Structure formats: C-alpha cells, structure tokens
Amino acid sequence: MKTSSPDPARQHLWRPYTQMKTTPAALPVVSAEGVRLRLADGRELIDGISSWWTVCHGYRHPHIIEAVKDQLDRVPHVMLGGLTHDPAERLAARLAALAPGDLNHVFFCESGSVSVEIAMKMAIQYWINQGIHGRTRFVAFRGGYHGDTIATMSVCDPDEGMHSLFAGSLPRQIIADLPVDADSRARFEALLDAQAGEIAGVMTEPLVQGAGGMKFHTPETLQAMREACDARGLPLIFDEIMTGFGRLGTLFAAEKAGVTPDIMTVSKALTGGTLPLAAAMASKTIFNAFWSDEASAALMHGPTYMGNPAACAAANASLDLFEREPRLQQVAAIERAFARLLPPARDIPGVVDVRWQGAIGVIEMSGLPAVESLKADFVEAGIWVRPFNNIIYLMPPFVICDSDLETLINTCLAVTRRWAGQHFAGV
C-alpha cells in the first residue's frame, strides 16, 4: 500500500520518542520568557514541565544570559585534556561545597545519560584498581529510569520502561524491588549476598523515580540501601539528574533523605536549562582508588566537550541564583499550591492516585487512551503539559507566580476532567 510523502518541513529533523509517520507536527517555538513559550502562530503557553525539568529559573534569566555572553567573548570552548579554565575549576569547587558528605571530586560531561555511564565506569574501575575483577554488574530497581544509552538502558526497569525493545542487546544487570519494607529489604540484602562477587554497585533515583512514572519512596528506603551497601562495602550511586537543584525542596534529594551516596550524578537544571552539562561526583573513597603512580589507574573517560566553558559559566550563574533568590522557598510555595489544588483530581474518572512532593505534582491514571488528543487539548487551553505512560504531571519552573501556577493547575484539572469524561465513562 502506498503511503503519502512526509511533509517537506518534517523530513530531516528526527524527533525524540516520536513515530514520525503518525505523530502530529511539532509546535514551532519562536521565543521564550519566564514561564512562557511563544509559538510561531502567536499563541503563548505556560510551560508546566520546565522543558524536561531543566528551566528552574525560567527562560532567559538575564543573569545566566549575561554570564554566557561574557564567556563566549572570552573562551567559548577549550579541551580539558592538558588544559583548564576558571569556569570549570570554580564550578567543581562550588558543587563540592554544596553536595552532601565528601562528594568532592567532580567529573564533567555533556548529558545526564553519559554522567550515569561515567558513574558506572567509576564503580567498575574502582574495583579493578584494587585488583578485584568480575564486579561488573549493577543492582538497580523496578520502576527506575537512568538514560537512553546502551549501558544506562540496562539499569532501567526492564519490563515497564521504554527500553524493553532492546532487552536482548543490553548488558545483564540485577533488577530488584525497592527495599520499602521488611520483606523487600530482606530480599534485597539476600540478593546482594547471593551475587556479591558480581556486583560493582547499587544505583537508584533518590525519593522519586522520574521517567519511570514519578513514583515516590521514603527516606527510610534509601537508608536501608545505605546500610546494606555499607555492610558489604558496595558503592551506592544516586542519580539526581531529575531531583537535583531544588526540585524536591532541598538542593539535592540526598539532603532531604539524610543519606550520602558514594557517587552522585547531576544534569538537567544544573545550567538552569541553558546549555548541556552534567557531572558525576565521587567521594574521597572512590577517588582514592584512582589516585596512583600508575597511568592505567586513571579514570578511562574523556568527553570532547567536557567542562565546556560556556556551559560552566551558565551553571555558575545558576548557582548564583540559588544563593541570591528564594528558589527553595518558591519550591515550598509550589508544593503548598499542589496540596491545596490537586486533591479534587481524585474524583476524576480513571484517576488511581494523586500525589505531590516539592515542585512535582502527579495525577496517575489507569491508562492514557488517545493521549495525543489530550496533549492537543492542553495546548488549546494554553498550557504545555506532556503526559507519558499512565501519568499526567506538572513540574513548573520555580519562578512561576501564584496566578500562573493556579492557572496551570486548574487548567490541567479541567482539561483532564473533560478528556476523562470522554474516555472513562462509567468508570
């Protein structure tokens, strides 16, 4: 059967997570300011998801823009192999001072997925550098998501996640249930003992499993992981790519949980949604395994754009804003608004749970039939919200004002209610 040719304007750009043949054309954005996206046709949308959770200070914050412009006038980029520059040195020192515990050694890269790969390489080589071989597998958790590269797909949820298509080609990791109670904790510890000689480390998203479905767990769950890892000398890795930089109400979720990992990855809001940058931060114990007279003990990784000066300038400016402006208080205000305005969603047909934490609000549905029509309805109502799996979620920029926040939440509920009335009649 013949099919029509694609729209010429859509032939070349291959978009993420998109069936290019059937998905409606993407909306062209011509400018952005604060919490608003302006489309080519003149419409404005309140961004309810911070451009995949990055734009914590809003779009085009003048302090970040000025810092990037100044850096572009000085040194847009220089390799970190054998050279260095002040923005990266200063950013590493600031991150080390802000991170919990002794996470004092910062390795930069360009994306969150790659920072997780680096964390995995750190953990594996940590053992190799001590003369211990065979520890190449990771314990990760059902409901988790850690990235799109081959290695990071292997530590995502193998059944519910978006990467099940690649199951046969991925490294085989050890996927466990989160240790949320006495029984699951016992199973988790038994698993660590049974496969002790294979395990390089334990990896988790602290307090919220993000792209796996915005699933929440308690500090006690992370404390159980820490205790189990400590008892066996295993590195604990926190993927803070989504939770880092204030999203849950503290600068890092590790602080809120009262647990310090051995390695922590950060990205997304690191530059305030301005330029790509990520990092894997390691403790003194991990770093000391690489501190040697032997060249072969060095960490075997080196991204071309590692520590890009313009990106580091943006990240330094973003950290300035966390110091100067009331970001964590703004997150607390968003959490209070969710607590006040989200509960009525519980009586919408098809809703199975409503939850919030920090600047994350979640409506969990029994399913999302006709999800493209729901997305289109949100746009028509003037908000940018992108449901996935079976959840509708809100993660607005921290700087959103009270009136825009109320508009965002109330519009989301009204649109969801109308849509659910059409697709969950009688439920």
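Predicted model: local features only at pLDDT ≥ 70, side-chain atom pairs only at ≥ 80, totals over all residues.
**Entry 1: between the domains**

I started with polar contacts and found 12 residue pairs in polar contact between domain 1 and domain 2, both residues at pLDDT 80 or more. A polar contact here is a pair of N or O atoms within 3.5 Å; within protein, one must be able to donate a hydrogen and the other to accept it, and residues adjacent in sequence count only if both atoms are side-chain atoms.

Residues are numbered from 1 along each chain as its sequence is written, and side-chain values use heavy atoms, with hydrogens and water left out.

How many salt bridges are there between domain 1 and domain 2? I got 0, counting a side-chain nitrogen of Lys or Arg within 4 Å of a carboxyl oxygen of Asp or Glu.

Next I looked up the bounds: domain 1 is 8-60 + 326-424 and domain 2 is 75-324, as set by an automatic or database domain assignment. Their C-alpha centres lie 27 Å apart.

Trp53, His57 and Gln357 supply 28% of the area that domain 1 buries against domain 2, more than any other three residues.

**Entry 2: the sheet with strand 13**

Gln357 sent me to strand 13, which covers 351-357. Helices (H or I, at least four residues) and strands (E, at least two) are DSSP runs, numbered from the N terminus. Strands pair if DSSP finds at least two bridges between them.

I found an open sheet of 3 strands in the order 13-14-16, paired antiparallel. The twist averages 10° from one strand to the next. Axes are lines fitted to C-alpha atoms, for helices over the stretch in contact, and angles run from 0 to 180 degrees between N-to-C directions.

Strand 13 is joined to strand 14 (residues 360-365) by 6 bridges, and I saw glutamine 357 opposite isoleucine 360.

**Entry 3: the sheet with strand 4**

I then checked an open sheet of 7 strands, with mixed pairing and the order 4-12-11-10-7-5-6. Its edge strands are strand 4 (105-109) and strand 6 (174-176), each pairing on one side only.

Strand 4 runs antiparallel to strand 12 (residues 278-282), with 5 bridges joining them. Histidine 105 has alanine 282 of strand 12 as its bridge partner. Helix 3 (residues 86-98) packs on this sheet and touches strand 4 and strand 12.

Terms used: Buried area = accessible area lost by both parts, 1.4 Å probe. Contact = heavy atoms within 4.5 Å.
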